[in-house]
Amino acid sequence: MGKMWAGRFKKEVDSKVNDFNSSISFDGRMYRHDIMGSIAHATMLGKTGVIDPAESEKIIAGLEGILADLDSGDLAFDMEAEDIHMFIEAELTKRLGDTGKRLHTARSRNDQVALDIRLYLRDEIQEIKSLTKTLIEALCDMAAQHTETIMPGYTHLQRAQPITFGHHLMAYANMFWRDLGRLSDTAKRMNQNPLGSGALAATTYPIDREMTSALLGFDGPTANSLDGVSDRDFCIELAAAIATIMLHLSRFSEEIILWSSWEFKFIELDDAYATGSSIMPQKKNPDVAELCRGKTGRVYGDLMALLSMMKSLPLAYNKDMQEDKEAIFDAVDTVKLCLSTFTPMLQTARVLKENMRAAAAKGFINATDCADYLVKKGMPFRDAYKITGTLVGICVDTGKTLETLPLSAYQELSELFSQDVFDAISLEKCAMARNVLGGPAKESVERQICQMKAALETL
């Protein structure tokens, strides 16, 4: 396939250089968006009189035909083409002759590729948002079933205070809700049209950038032609937002891996979302969660690749920027795969409530409530803290819990203790008494679920 830019050159490009330079193997996925942008450009060229309106109509019809043939499989990519842009223009010229050659009037591949990747990623953001929203909905539904399921809350991976499983799930719902906000912010900032920036210095033709912006659903054209072709902030910002989603998936995956172990046994994964061992027949491995955790590092690498690629580039376009696509495409593909697999894994898991409750009973996680009991009876908190710590030490030495320690042991340390202390330190009472905004009590978690579902409906 001849090069569109071959006029300046007196010899063919070395085949190895051609392979090195080619990007159609990965930018071919943007064919639909490339054609959308070209149709808008051809429409504008015809309406402004830059080219004959009749030729504009022929170009549009030709592009629509190419799109239909690519969608149906009747037309295959020419892998010898330099990139998707050159492939489509060459195919159009093959079909329309000189008329097809007019499409690139007042346009450069620099503003064309900047346009295509914005259009493509704008669509991908909506899909990632949809998958994230589905996960949040699943978390809300699951939390609603466990507003009274007692479990230990942890700090430093040590049992700390009693909470409910519903409360724990809603913590992740809030993380993923913030992720939705980051995706929306990224989509808003990237929704500017670079078409018309040309190679870097715009064009002398009387084009209408507002028209192409409206045709393509942009908020408006980019304000500066140099920035229009050299900006990849939106790729970096999207990669950062995706990396944060993966961070949250990885944290949740780590807990699922722990919870599904025999040491915790808080949940049991469905057979459809676990694997076995080639040698140990008893094994049930949480491979989905482990892969989500592992793929997080891969997405971090994509973000670092983009940051490193852009960190020292002078204005305007440089061929280094071709490397943006493989990195951001990989990040997009990875997060979509993880979200679409993680959500049903979570939905099908069996929650072992009794094991959660048993673990909560053995960790002295009601010690703070024991201290608060004394404070409410007039004792300074630091004194109450010391007495409660002494009681925990006695329990450790005698193999008891605060619930099973006899009242006489309490009263040896303070006369303020009476029989009602056992009600105060009941795990259920401890969790349900924390009915403040954001707390683990049943009513509080139900409010959190209602607020989250109402927020999701605004999207």
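Where in the chain does serine 426 lie? Serine 426 is placed in the loop between α18 (421-424) and α19 (427-432), where helices (H or I, at least four residues) and strands (E, at least two) are DSSP runs numbered from the N terminus. The model is predicted, so local features need pLDDT of at least 70 and side-chain atom pairs count only at pLDDT 80 or more, while totals for chains, interfaces and linings use all residues. Residues are numbered from 1 along each chain as its sequence is written, and side-chain values use heavy atoms, with hydrogens and water left out.

Serine 426 has 21% relative accessibility and therefore counts as partly exposed; buried means under 20% relative accessible area, exposed over 50%, and partly exposed in between (1.4 Å probe, protein chains only).

Helix packing was examined for two pairs. Two packed helices are described by the angle between their axes and the distance between the axes. Axes are lines fitted to C-alpha atoms, for helices over the stretch in contact, and angles run from 0 to 180 degrees between N-to-C directions. Helix α7 (residues 109-144) packs with helix α20 (residues 442-457) at an angle of about 155°, the axes being 10 Å apart. This angle makes α7 roughly antiparallel to α20, given that angles under 35 degrees count as roughly parallel, over 145 as roughly antiparallel, 65 to 115 as roughly perpendicular and the rest as oblique. The crossing of α7 and α20 is left-handed; a crossing is left-handed if the near helix is turned anticlockwise from the far one by less than a right angle, and right-handed if clockwise. In the second pair, the axes of helix α3 (residues 31-48) and α7 come within 9 Å and cross at roughly 120°. The helices α3 and α7 are therefore oblique to each other, and their crossing is right-handed.

The structure holds 29 salt bridges, a salt bridge being a side-chain nitrogen of Lys or Arg within 4 Å of a carboxyl oxygen of Asp or Glu. Among them is the pair of glutamate 91 and arginine 95, with the closest N and O atoms 2.8 Å apart. Both residues belong to helix α5 (residues 84-96), in which glutamate 91 and arginine 95 are four residues apart, about one turn of the helix. Glutamate 91 is buried, at a relative accessible area of 9%, whereas arginine 95 is partly exposed at 34% relative accessibility. A network of salt bridges links Asp69, Glu91, Lys94 and Arg95.

A salt bridge also joins the side chains of arginine 357 and glutamate 428, at 2.7 Å from N to O. This pair links distant parts of the chain, with arginine 357 in helix α14 (residues 353-361) and glutamate 428 in helix α19, 71 residues apart. Arginine 357 is partly exposed, with a relative accessible area of 30%, and glutamate 428 is partly exposed, with a value of 34%.

In helix α20, glutamate 446 and lysine 442 are four residues apart and thus separated by about one helical turn. Their salt bridge has its closest N and O atoms 2.6 Å apart. Glutamate 446 is partly exposed at a relative accessible area of 31%, and lysine 442 is partly exposed at 24%.

Leu200, Leu226 and Leu315 make a nonpolar surface patch of about 270 Å². Patches are made of residues with over 30% relative accessible area and no salt bridge, like charges being joined within 9 Å and nonpolar side chains (Val, Leu, Ile, Met, Phe, Trp, Tyr) within 5 Å. Accessible areas come from the Shrake-Rupley method with a 1.4 Å probe, and for residues only the protein chains shown count as cover. Leucine 200 lies in the loop between β3 (192-193) and α9 (209-215) and is partly exposed, with a relative accessible area of 40%.

Backbone geometry was also examined. The peptide bond from leucine 315 to alanine 316 is cis, with omega near 5°, and alanine 316 is placed in the loop between α12 (287-310) and α13 (323-348). Alanine 202, in the loop between β3 and α9, has a positive phi of about 65° although it is not a glycine. Alanine 202 counts as partly exposed at 39% relative accessibility. Lysine 265, a residue other than glycine, has a positive phi near 55°. Lysine 265 lies in the loop between α11 (233-259) and β5 (267-268) and is buried, with a relative accessible area of 16%.
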